[in-house]
Amino acid sequence: MSAKSAISKEIFAPLDERMLGAVQVKRRTKKKIPFLATGGQGEYLTYICLSAMDPENLKTRKGLKRDSSSTELRKSGGVTNKKPTQASITKVKQFEGSTSFVRRSQWMLEQLRQVNGIDPNRDSAEFDLLFENAFDQWVASTASEKCTFFQILHHTCQRYLTDRKPEFINCQSKIMGGNSILHSAADSVTSAVQKASQALNERGERLGRAEEKTEDMKNSAQQFAETAHKLAMKHKC
């Protein structure tokens, strides 16, 4: 199981949240932490996660304790397929030597004020997130992972925020426009299917012509054999 799948299952699924996307990051400027909340010093991996919750689940959770299981929520009718109305950005950490993940800081999507892609002219793994009460400078594990996360984040903001959407600055056009990775992938698959279909049709046509030629040769051979037999019988007589 990948780290992101594990985060979705361990951090968000028990609370009936859906993880929409995540990006592994590290600070561009290292921040020294002398003492960790887990009771010791150590290295850790950081993930910025985007999640959403259905409105029915939100209402149900108000009457349940924090440690309520997802099974209890499902029994109460909290799971639906309706569009989520509450989305959030969560900082999740995995400390060195541990297989589990820890939910750290969390912001509502409405608190996001600015998303800075740093450089609109080239692929860059660096980005900044500005919230109402926080500002973080990050570098993603790869530029493509950052790009995918930005596309999901931009789409989520456009779809679920009605007022005061965050400002996306210094971002590449492929993030803001319709030429997303998902669309490109879909186009690539469609193109591949069309090419394969065309190749099969052409192959079928070639096979058809080969069968016709084979049938003609067979008929010609039969005619030749019949003619030769007639000549042989005539000569014999």
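S51 counts as buried because its relative accessibility is 0%, where buried means under 20% relative accessible area, exposed over 50% and partly exposed in between (1.4 Å probe, protein chains only). The model is predicted: local features need pLDDT of at least 70 and side-chain atom pairs count only at pLDDT 80 or more, while totals for chains, interfaces and linings use all residues. Residues are numbered from 1 along each chain as its sequence is written, and side-chain values use heavy atoms, with hydrogens and water left out.

The place of S51 is in strand β2; strands (E, at least two residues) and helices (H or I, at least four) are DSSP runs, numbered from the N terminus. Among the residues that S51 touches are F12, E17 and A87, not counting residues up to four places away in sequence; contact means heavy atoms within 4.5 Å. With the side chain of E17, the side chain of S51 makes a polar contact (3.2 Å), that is, a pair of N or O atoms within 3.5 Å, of which, within protein, one must be able to donate a hydrogen and the other to accept it, and residues adjacent in sequence count only if both atoms are side-chain atoms.

Strand β2 (residues 44-53) pairs with strand β3 (residues 86-95) in the antiparallel sense, over 10 bridges; pairing requires that DSSP find at least two bridges between two strands. A52 stands opposite A87 in β3.
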